[in-house]
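I am opening a notebook page for a structure that is new to me. My plan is to look things up one place at a time and to write down what each look gives.

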Amino acid sequence: MREAIVHLHPAGPLLALVGNPNCGKTALFNGLTGSRQKVANYAGVTVERKEGRLKTAAGKLLRVLDLPGTYSLYPRSPDERVTVDVLAGRAQGEKRPDLVVCVLDATNLRRNLRLFFSVQRQGVPCVVALNMSDLAARRGIQIDTQRLSELLGVPVVRTVATDGAGLDDLRALLDKPESWSQGAIEAYAAAASAEGDDQQRINAVLRELKLDGLQGELPSDKVDRVVLHPVLGPIILAVLLFFLFQAVFSWAEPPKDLIEGAIAWLGEQTGNLLPEGYFRSLVVDGLIAGVGSVLVFLPQILILFFFILILEESGYLPRAAFLLDRIMGSVGLSGRSFIPLLSSFACAIPGIMATRSIANPRDRLVTILIAPLMTCSARLPVYALLIGAFVPERDVWGGIGLQGLVLFVLYMAGIVAAMAVAWVLKRFTDSGRQVRPLMMELPSYHWPHLRSIALGLWQRTEIFVKRVGTIILALTLLLWLLSSFPAPPPGATGAPIEYSIAGMLGRALAVIFEPIGFNWQISLALVPGLAAREIAVSALGTVYSLSATAEDAAQALTPLIVQTWSLPTAFSLLAWYVFAPQCLSTIAAVKRETNGYKIPAIMLAYLFALAYLASWLTFHISRWLIG
Ligand SMILES: Nc1nc2c(ncn2[C@@H]2O[C@H](COP(=O)(O)OP(=O)(O)OP(=O)(O)O)[C@@H](O)[C@H]2O)c(=O)[nH]1
Ligand SMILES: [Mg+2]
């Protein structure tokens, strides 16, 4: 065990952050390394190893690993395995850490110390970051860090990861390897002791620190009596979600109008400035009409994320998982799947990654298969465009807008379909019938920090604008190219696009999509939409801008589709977007997570079949109803 004593190599030692889920490891990691990894108030946010760099007070460079949280060194889920493997030096392409910063939640030492002793027994040098010390202090929990350090045999630093308190002390500690190696020697002695003795040691530590009598009601318990109430709880959840969808439409209106106006003005000015020709068409029809039509939806996306961020930070999400556990149980899932599914509202890919915290392999697979049915934020521009164009802006009842209601229904359609698919899958798998009680930690409620919400929204804006500026721009321009060439023969009538490659492709595809009510422009727009769903909007922007014959070329997209599409066509396209696997990166993520082509192939097939069926039904039923 002598080799456990650390030598600082100039190449840079490796430091790993280890601790229970939700104790603040990632917040600490971000503070130490200046990274911006995701932090949220529920267990299982970090599901893979993340690396960063840190400079100590003396200027030494260290590599730092942020790891998924774990309760013990006996992994039950894929994410916990990552941490255990790194600690044991089994992780691929990674040496065993030279130092572990064991992050302990000061408000819950009893449970957190259990992991600490297991880590110490591994013989890796250890220091303790006593995090959440602000919350502990507020609850009257006073911990004598000096005494704790003596009892554990390792240095203890008090930290508040969210505001950076204690980080300097921690950095200073990293320059003194002689102080942490002491822990390793003690750990050697302790290694002889059995696992079963840990409980006694924990009790002894808590007794010494006079923390053993600590119990009593927490502020969170009071809130939970209302939020987890069997009747009130689900009502609060429903109201919350409903309010969210209303807000997406009503709050977004002013900024959306502003952006729309700016883009229209830009198109007009540029159109007047540039001489007639291909270049003007590229800029006005491709760039401004295409890309601009997606950019308009930024406010709505930000409002959605504003709500998601607040839900994540407050600690409400695991509560919602508990409320829905019964319902999810009836379709063979547990509340465990709730957070991965909710994350899929942002994007299916992080949602699919989040399933790594699900211990049961069958549950994990079913959750992966239904995650794409959750309405991701890339669908929002498509939904918002169609709703804005075809659903009148009026109140249904007492301030509830029809547009928000339709959006709510679309989200619900995805959720209901996901539950139905899970239920069908349950019929085919035996283990789906087992009852698995939900064991999930309820974190204490936190007030969301305004700063981290603002930062989160800023990150979202960056992601969106980057998407618009790269993939959406590139594909829109490609589509413009395909739509403009070859040029129509001299003396041809009609819009030039009809003679182009894109025009021909669109008409060929329309054969497949005609039965569900799509015209050739829509069929064409679906193709680049496979790379990113929103591209369908910019593609329609470009295609329609080019299809417009004479003077009305600079018109916005909405009035154009209102004039040319029937209501059943619009509804059918909405139904298509609820189900269709219009996203290649999701398929790639599923392949990665399931190690093969089988599951992604099954997923593609069932989603396409569902989409076609749903659109066909929607188209024909609404045509029959409308007449
Ligand atoms: N008040 C307070 N909140 C904190 C502190 N450290 C972290 N938090 C909050 O605690 C929650 C959990 O923080 P994370 O950094 O995501 O926790 P984690 O240990 O990485 O969690 P997993 O990745 O799920 O294992 C977030 O809401 C943070 O904002 C702290 O010292 N004080
Ligand atoms: Mg984390």
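**Entry: a loop residue.** I began with Asn595, which I found in the loop between α26 and α27, where helices (H or I, at least four residues) and strands (E, at least two) are DSSP runs, numbered from the N terminus. Its phi is near 55°, a positive value in a residue other than glycine. I noted this because most residues other than glycine have a negative phi. Asn595 is exposed, with a relative accessible area of 70%; by the scale I use, buried means under 20% relative accessible area, exposed over 50%, and partly exposed in between, with a 1.4 Å probe and protein chains only.

**Entry: what kind of model this is.** This is a predicted model, in which local features need pLDDT of at least 70 and side-chain atom pairs count only at pLDDT 80 or more, while totals for chains, interfaces and linings use all residues. Residues are numbered from 1 along each chain as its sequence is written, chains are lettered from A and ligands numbered from 1 in the order in which they are written, and side-chain values use heavy atoms, with hydrogens and water left out.

I then looked up the confidence: the protein averages a pLDDT of 85, and 92% of the residues score at least 70, pLDDT being the predictor's confidence in each residue, from 0 to 100. Over residues 1-10 the pLDDT stays under 50, and the model has 14 contacts for them beyond four places in sequence, a contact meaning heavy atoms within 4.5 Å. Where pLDDT is low, the predicted coordinates should not be read in detail.

Entry: I placed Asn22 in the loop between β1 (14-19) and α1, and at 16% relative accessibility Asn22 counts as buried.

**Entry: the magnesium ion.** Which residues coordinate the magnesium ion (ligand 2)? I found Thr26 (OG1) and Thr46 (OG1), at 2.0 Å. Thr26 lies in helix α1 (residues 25-33) and Thr46 in the loop between α1 and β2 (50-55), so the pair ties together parts that are 20 residues apart in sequence. Thr26 counts as buried at 8% relative accessibility, and Thr46 is buried too, at 13%. Donors here are N, O and S atoms within 2.8 Å of the metal (3.2 Å for Na, K and Ca), and water is not among the atoms, so sites may look incomplete.

**Entry: salt bridges.** The structure holds 22 salt bridges, each a side-chain nitrogen of Lys or Arg within 4 Å of a carboxyl oxygen of Asp or Glu. Being 3 residues apart in helix α5 (residues 145-152), they are separated by about one helical turn; Glu150 is partly exposed at 48%, and Arg147 is partly exposed at 28%.

Arg171 and Asp168 meet at 3.0 Å, N to O, and both lie in helix α6 (residues 167-174), 3 residues apart, about one turn of the helix. Are their places on the buried or the exposed side of the scale? Arg171 counts as buried at 18% relative accessibility, whereas Asp168 counts as exposed at 57%.

Glu593 is buried at 11%, as is Arg364 at 14%. Salt bridges that share partners join Glu48, Lys50, Arg356, Arg364 and Glu593 into one network.

**Entry: Leu240.** I found Leu240 in helix α10 (residues 232-250), partly exposed at 33% relative accessibility. Leu240 touches Leu311 and Tyr316, not counting residues up to four places away in sequence.
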